[in-house]
Amino acid sequence: MISIDFDYYKPENIQEACDLMARFKTEKTNAVYYAGGTEVVSFIRKGTLKAKAVIDLKGIEEMAEIHANEDHVFVGANVSLNQAADFKPLEPMKAVLNKIGDRTIRNTLTIGGNICGKLPYREAILPLLASDANVIIAGEEGLSEKKLSEVFDMRLKLSGSEFVYGFSIPRNDQIKMYSKRIQSDIPIDYPILHLVGRWAEDRLFIGLSGFAGVPRYQWIEKDEFDQWQTPIDKLIGKFASMAKEDDRAGAEYRVHLLEYLLEDMLGGMENDQL
Ligand SMILES: Cc1cc2nc3c(=O)[nH]c(=O)nc-3n(C[C@H](O)[C@H](O)[C@H](O)COP(=O)(O)OP(=O)(O)OC[C@H]3O[C@@H](n4cnc5c(N)ncnc54)[C@H](O)[C@@H]3O)c2cc1C
């Protein structure tokens with residue numbers, strides 16, 4: 001049950017959505033965008049989100065589209081995690097997306113909601129960053145496309161009435177992505193550590209969810225990597241200080257798991273067995 005009253009809006013285009021949000025900001029009314037709604041509803045129920053207006057982005061039909069041409073895949077922000085994982089041209093991301101929640105909940109969780117959510121995991125950001133994706137942002141001036149890595153710094157930087165319209169991902173069916181996730185014995189649980197890795201032509205991507213308070217990632221140039229005598233130690237050195245303590249695991253344990261997964265990943269990459 002939801003015990004507070006709020007106004008519900010379902011705009012049909014980006015201008016309408018931005019105008020609504022801009023108006024609420026001017027009026028200092030607490031308004032929130034809404035996609036799958038799982039996080040918004042749960043935060044309202046818990047009382048941690050005191051929204052007076054909810055703007056449902058699902059009325060914008062193009063945001064539910066997913067399609068590909070020879071060069072790029074477009075994924076609308078309202079596409080569910082299942083739709084994205086099952087879309088053949090996104091095969092390299094499938095293993096990562098399929099580890100989020102379970103099949104039933106992934107029908108509701110949207111890719112935009114996962115990335116813009118307030119929870120610390122946001123696992124879908126990792127394969128997008130590893131794929132060099134662009135994010136398409138809707139704002140009062142219309143749509144603008146930016147490199148995701150330029151607007152994601154621990155969280156996606158959106159300003160004013162902006163929201164995520166979708167993602168444009170360079171199409172590369174040959175990408176091999178490493179994805180291993182360690183979690184508790186509970187069947188649906190957040191990761192203690194999810195490591196996503198990818199060798200691009202001249203650089204290595206390492207992305208982590210569950211390890212720190214927010215998703216963290218780095219690209220390491222191949223020239224730098226090749227000079228390292230002990231690559232695992234060097235990689236751990238780049239992330240160790242970010243390890244968090246929580247009721248699932250201590251920081252030291254997380255670093256230990258990171259070492260284990262890095263060994264597994266680099267071993268697999270050497271043998272081309274990702
Ligand atoms: C049972 C369950 C299991 C889960 N397991 C995992 C897991 O294993 N790993 C993981 O990473 N996450 C997990 N989650 C978290 C989930 O992915 C996030 O809570 C996500 O935000 C939910 O997506 P949604 O579409 O329901 O978002 P909503 O609740 O609609 O929105 C979430 C937030 O994003 C904002 N938002 C939504 N769409 C946009 C947009 N297009 N532009 C800008 N802002 C937007 C909203 O304003 C809100 O702040 C789980 C959630 C549930 C309910």
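Domain bounds here come from an automatic or database domain assignment. The shell around the ligand takes at least three residues from each of domain 1 (7-56) and domain 2 (63-170). This is a predicted model: local features need pLDDT of at least 70, side-chain atom pairs count only at pLDDT 80 or more, and totals for chains, interfaces and linings use all residues. Residues are numbered from 1 along each chain as its sequence is written, and side-chain values use heavy atoms, with hydrogens and water left out.

Look at the shell by residue. There are 32 residues around the ligand (a heavy atom within 4 Å). Tyr33, Thr38, Thr110, Gly113 and Glu123 come nearest. The shell divides into 18 nonpolar, nine polar and five charged residues. Nonpolar means Ala, Val, Leu, Ile, Met, Phe, Trp, Tyr, Cys and Pro; charged means Asp, Glu, Lys and Arg; the others, Gly among them, are polar.

Now the backbone. A polar contact is a pair of N or O atoms within 3.5 Å. A polar backbone atom of tyrosine 33 is 2.6 Å from an oxygen atom of the ligand. For glycine 101, a backbone N or O atom lies 3.2 Å from a ligand oxygen. For glycine 113, that distance is 2.6 Å. The protein covers 90% of the 970 Å² of accessible area (Shrake-Rupley method, 1.4 Å probe) that the ligand has on its own.

Which elements give two or more residues to the shell? They are strand E2 (31-34), helix H2 (38-46), helix H6 (111-116) and strand E10 (163-170). H6 gives the most, with four residues. Helices (H or I, at least four residues) and strands (E, at least two) are DSSP runs, numbered from the N terminus.

Technical notes. A polar contact is a pair of N or O atoms within 3.5 Å; within protein, one must be able to donate a hydrogen and the other to accept it, and residues adjacent in sequence count only if both atoms are side-chain atoms.
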